[in-house]
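Grab your viewer and work through these exercises one at a time.

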Amino acid sequence: MSDSRALIPPLSDWLQVPRDLESALAGLTEDELSLRGGTDGWSIREHVHPLVESNVTACTIVIAALGTGGCTFDCSWLNSDPAWMERTKYNRVLVASALEVLAPLCRYAAELLSAAPEALRHEIKLVGAPGTEPYPMTVEQMIGLEVDHAQQHVQEIVDILKQRPPTPLPADHFTIAP
């Protein structure tokens, strides 16, 4: 699918998520992915994995909404707190495979919804926390929330990188003119 076919705003925004993440991570080493900071004190890699994880979940919800005309989806199990991070080993797992899956996943969901744009208006109900009532929204609204969520993670990464000390230039970088 050409990204130009997904000109429906929530889809074009969703397709931008992988590009924004890749741009934020451009040129970083594995060691730099372990830099911590931001509002939660997470490492850069601990921002990447939940971002991809939530996109996997959102894509699953899209498929369920398309196949059923609407759905109730329990997201209460999805909780990226410190215990979750430890169990999933997000602080140690390489980000390469997560990055490799993100763009094709977003393109796949956008292709499905481009073929059936009326599905953007399907109502879904999400259970956000254990024991809570499902709250309704459209698929379009859910995608908008997912894009906002991803943008928050990307911004946290950018903020962490702004906090890192500058890399010193090598000594031979400076030459004294005769």
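**Exercise 1.** Find the residue just after H2 that takes a positive phi, and then describe H2 itself.

*Solution.* Step one: the residue just after H2 is Gly69, and its phi is about 85 degrees. The model is a predicted one, where local features need pLDDT of at least 70, side-chain atom pairs count only at pLDDT 80 or more, and totals for chains, interfaces and linings use all residues. Residues are numbered from 1 along each chain as its sequence is written, and side-chain values use heavy atoms, with hydrogens and water left out.

Step two: H2 has 25 residues and spans 37 Å from first C-alpha to last, close to the expected 36 Å (1.5 Å times one less than the number of residues). Helices here are DSSP runs of H or I with at least four residues, strands are E runs of at least two, and both are numbered from the N terminus.

Step three: check the cover. Of the 25 residues in H2, 18 are buried (under 20% relative accessible area with a 1.4 Å probe, protein chains only; over 50% is exposed, in between is partly exposed).

**Exercise 2.** Work out how H1 and H4 are arranged, and which residues meet.

*Solution.* Start with the axes, lines fitted to C-alpha atoms over the stretch in contact, with angles from 0 to 180 degrees between N-to-C directions. Those of H1 and H4 come within 8 Å and cross at roughly 170 degrees. That makes the pair roughly antiparallel, a label for angles over 145 degrees.

Next, list the contacts (heavy atoms within 4.5 Å). On the H1 side they include Leu11, Trp14 and Val17; on the H4 side, Leu99, Leu102 and Cys106 are among them. Sorting the residues of this contact gives 14 nonpolar, one polar and two charged. (Nonpolar covers Ala, Val, Leu, Ile, Met, Phe, Trp, Tyr, Cys and Pro; charged covers Asp, Glu, Lys and Arg; the others, Gly among them, are polar.)

**Exercise 3.** Is Val17 buried or exposed, and what is it in contact with?

*Solution.* Leaving aside neighbours within four places in sequence, Val17 is in contact with Leu51, Leu102, Val147 and Ala150. Finally, pick Leu102: it is 85 residues from Val17 along the chain, yet their C-alpha atoms are separated by 8.6 Å.

Methods
Parallel < 35°, antiparallel > 145°, perpendicular 65-115°, else oblique.
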